[in-house]
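The note below sets out numbered remarks for a colleague who wishes to check the coordinates directly. Please read each point alongside the model.

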Amino acid sequence: LVQLVESGGGSVQTGGSLRLSCAASGHRYGSYCMGWFRQAPGKEREGVAAIDSDGDTSYADSVKGRFTVSRDDAKNTMFLQMNSLKPEDTAMYYCAADAPLGCIYNGDWSRPAAFGYWGPGTQVTVSS
C-alpha cells in the first residue's frame, strides 16, 4: 500500500517562507516522478513542481525562482522549499507520486492524471 503524507503547511505573511515535506511509504520511490500540486478554492488543481529519479526538475512559471523541489531517497521524502510567498500561493498543496519516468520532459509532470498516488494535502495560507 502506497502512502504519501504531507506536512509543513501553515500561515505566513507575504514574503515569508515555508518548507513542505512529503513522506512516502510502500512505494518504489526511486524510479518515478514525484510532484507537488496545489488547488485553491474554485480553481483546478495545478502542477507546481516535480522531480524525477535523476534529480531533474520542472516548475510552473508562477513559482520559478521562488520554489525549490528536492528529494532525499534515503529518507523516502520529497521537499518543497517555498520562499517569497505571495497571497496567490494560498492553496491546499498535494504531494503526488508514480508518474512514469520522463514526466519532466514530456509535460506529464503538470498533469494530475499522470500520477497514481496522492497525499491528503496540507494547507498553505499567505496573508498580505
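1. Lysine 64 and aspartate 61 are joined through their side chains by a salt bridge, with an N to O distance of 3.2 Å. The term denotes a side-chain nitrogen of Lys or Arg within 4 Å of a carboxyl oxygen of Asp or Glu. Lysine 64 and aspartate 61 are both exposed. The accessibility classes are: buried, under 20% relative accessible area; exposed, over 50%; partly exposed, in between (1.4 Å probe, protein chains only).

2. On provenance, this is a predicted model, in which local features need pLDDT of at least 70 and side-chain atom pairs count only at pLDDT 80 or more, whereas totals for chains, interfaces and linings use all residues. Residues are numbered from 1 along each chain as its sequence is written, and side-chain values use heavy atoms, with hydrogens and water left out.

3. How many salt bridges does the structure hold? There are six. One of them joins arginine 66 to aspartate 89 at 2.8 Å, N to O. Arginine 66 sits in the loop between β6 (57–59) and β7, and aspartate 89 in the loop between β8 and β9, so this pair ties together parts 23 residues apart in sequence. Helices (H or I, at least four residues) and strands (E, at least two) are DSSP runs, numbered from the N terminus. Arginine 66 is buried because its relative accessible area is 10%; aspartate 89, at 1%, is likewise classed as buried. A network of salt bridges links Arg38, Glu46, Arg66 and Asp89.

4. A further salt bridge connects aspartate 73 with arginine 71, their closest N and O atoms lying 3.1 Å apart. Are these two residues buried or exposed, or in between? Aspartate 73 has a relative accessible area of 37% and is therefore partly exposed, while arginine 71 counts as buried at 16%.

5. The whole structure contains two disulfides, each being a pair of cysteine sulfur atoms within 2.5 Å. In one, the sulfur atoms of cysteine 22 and cysteine 95 are 1.9 Å apart. The S-S torsion of cysteine 22 and cysteine 95 is about -60 degrees, so this disulfide is left-handed. Cysteine 22 belongs to strand β3 and cysteine 95 to strand β9 (residues 91–99), so the pair ties together parts 73 residues apart in sequence. Cysteine 22 and cysteine 95 are both buried.

6. The other disulfide joins cysteine 33 and cysteine 103, with a sulfur separation of 2.2 Å. The S-S torsion of cysteine 33 and cysteine 103 is about -110 degrees, so this disulfide is left-handed. Cysteine 33 is in strand β4 (residues 33–39) and cysteine 103 in helix α1 (residues 103–106), so the bond ties together parts 70 residues apart in sequence. Cysteine 33 and cysteine 103 are buried. With the bonded cysteines numbered in sequence order, the pairing reads 1-3, 2-4.

7. The largest nonpolar core comprises 37 residues, and those with the most contacts inside it are Trp36, Leu80, Met82 and Tyr93. Such a core is a set of buried Ala, Val, Leu, Ile, Met, Phe, Trp, Tyr and Cys residues joined through side-chain atoms within 4.5 Å. Which strand gives the most to this core? It is β9, with six residues. Seven of the nine residues of β9 are buried.

8. Strand β9 also has several pairing partners, where two strands pair if DSSP finds at least two bridges between them. β4 and β9 are antiparallel over seven bridges, and methionine 34 has alanine 97 of β9 as its bridge partner. β9 and β11 run antiparallel and are joined by three bridges; here tyrosine 93 is partnered with threonine 122. β9 pairs with strand β10 (residues 117–118) in the antiparallel sense over two bridges, and alanine 97 has tyrosine 117 of β10 as a bridge partner.

9. Arginine 19 lies in strand β3 (residues 18–25) and counts as partly exposed because its relative accessibility is 45%. Its C-alpha atom is separated by 5.6 Å from that of leucine 80, 61 residues apart along the chain. Setting aside residues up to four places away in sequence, arginine 19 is in contact (heavy atoms within 4.5 Å) with Ser7, Gly8, Phe79, Leu80 and Gln81.
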